Amino acid sequence: MPATALVLGGDLGGTSTRIVIADHDGNVVGRGAAAGGNPTSHPASAAANFGQAIHQALGDLDPALVRTAVIGAAGGSALSNPGVRAEFDAVWNGAGLIVEPDFIGDLEVAFASGTPEPDGTVLIAGTGSAAGLVRDHRLVRTADGHGWLLGDDGSGFWLGREALRSLLRALDLGEPIGALGEAVVKAVLPNRDEQANAEREGYNRLRDDLVRTVNSRPPVLLAELARTVVAAYEQNDKTAHALVKRAAELLTETVSRLRTTSDMGPFVLAGSVAGESSPVGRLLRQTIHEHFNGEVLTARDGVGGATWLALGVLDPALATRSNHARLVS
């Protein structure tokens, strides 16, 4: 193959869009990043963010040198909509890329980022949540990943929504809202007069202000409150502790729909909620070790795995463990 052949890997998540371009030796020659590229949760901006990350990654590179492209897409089913796909194709072609991109699931690229092994299990818990079984580097079964309206149990969105619901219940009952409730109020209504929170009639106004404000914004933004839950957890707030525990339980239940105790392949965790620094992630690792066999690994993000898979499409001999280590480090 020509020494100048390049590959492109992409990861279109609910929070961020990442693009990496590498040469056929697995050396990264371009990186790009932008805001969320999930076409389901960000229908108005996903394609534009995708294009921004591509242009940044390409820089002065000749786009015609990109010979293969593998892109993991959270909410990728939206790309089956001709209108949505047309928007993505427009920014792709507008960047001068001539190779046909292979859009695959974010679970597949997350698994490939965590391990070069061909078979195993992957769980993503970030803005949304989903689990999958991988065989020969391809997804064969999934659980959850149904989106914020129908599922994504234990995800960042779930944490944020449940934190707000617990606050609204306290306001309905006229009970103290606690440290987590106070933090949620500050996050949702940063300009709220705190004196109004101390009165019963203030509680009524506060409840109405919260409901009105949240319903005026894109629902997926509730995922931003996951950080508020984590901060309250670290301050030993009882409600936050209960939510973190329940999130870990729900994510374990999602995995149990796919994985059995006899499965021995690697188990890859990805996403901010499932991360090693997250209290949900720490509890999740405990429950996984208690219920399942196999090595538990962490994927930093999906773009390294996507780029490694793109190398394998260019030439299977290039999908080496050394190239994998170089791309996901």
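**Notebook: salt bridges, a hairpin and some buried spots**

I began with Glu234, which forms a salt bridge with Arg282, the closest N and O atoms being 3.5 Å apart. (A salt bridge here is a side-chain nitrogen of Lys or Arg within 4 Å of a carboxyl oxygen of Asp or Glu.) Glu234 sits in helix α7 and Arg282 in helix α9 (residues 279-291), so the pair ties together parts 48 residues apart in sequence. My note on terms: helices (H or I, at least four residues) and strands (E, at least two) are DSSP runs, numbered from the N terminus.

Ground rules before going on. This is a predicted model, where local features need pLDDT of at least 70 and side-chain atom pairs count only at pLDDT 80 or more, while totals for chains, interfaces and linings use all residues. Residues are numbered from 1 along each chain as its sequence is written, and side-chain values use heavy atoms, with hydrogens and water left out.

How many salt bridges does the structure hold? I found 16. One of them joins the side chains of Arg18 and Asp301, at 3.8 Å from N to O. That pair links distant parts of the chain, 283 residues apart: Arg18 is in strand β2 (residues 16-23), and Asp301 is in the loop between β10 (296-299) and α10 (303-314). Arg18 is partly exposed at 32%, whereas Asp301 is buried at 18%.

Asp209 and Arg212 also meet in a salt bridge, at 2.4 Å from N to O. Both lie in helix α6, three residues apart, about one turn of the helix. I jotted down the general rule: an α-helix has 3.6 residues a turn, so residues three or four places apart point the same way. Asp209 is buried at 19%, but Arg212 is exposed at 52%.

**The hairpin and what follows**

I then looked at β7 (residues 129-135) and β8 (residues 138-144), which pair in the antiparallel sense over six bridges. (Two strands pair if DSSP finds at least two bridges between them.) Val134 has Leu139 in β8 as its bridge partner. Two residues sit between the strands of this hairpin, and Asp136 there takes a positive phi near 55°.

Asp144, in strand β8, also has a positive phi near 55° without being a glycine. Asp144 is buried, at 7%. Asp152, in the loop between β8 and α4, is another non-glycine with a positive phi, about 60°, and it counts as buried at 9%.

**Last checks**

Which residues of helix α5 (residues 178-188) are buried? I listed Leu180, Gly181, Val184, Val185 and Val188. Seen down the axis of α5, they fall within an arc of 140°, so they line one face of the helix. (The arc is that of the directions from the helix axis to the C-beta atoms.)

I finished at Val220, in the loop between α6 (200-215) and α7 (226-234). Val220 is buried at 9%. The C-alpha atoms of Val220 and Thr15 are 9.9 Å apart, although 205 residues separate them along the chain.

Key
Buried < 20%, exposed > 50% of the residue type's maximum accessible area, 1.4 Å probe, protein only.
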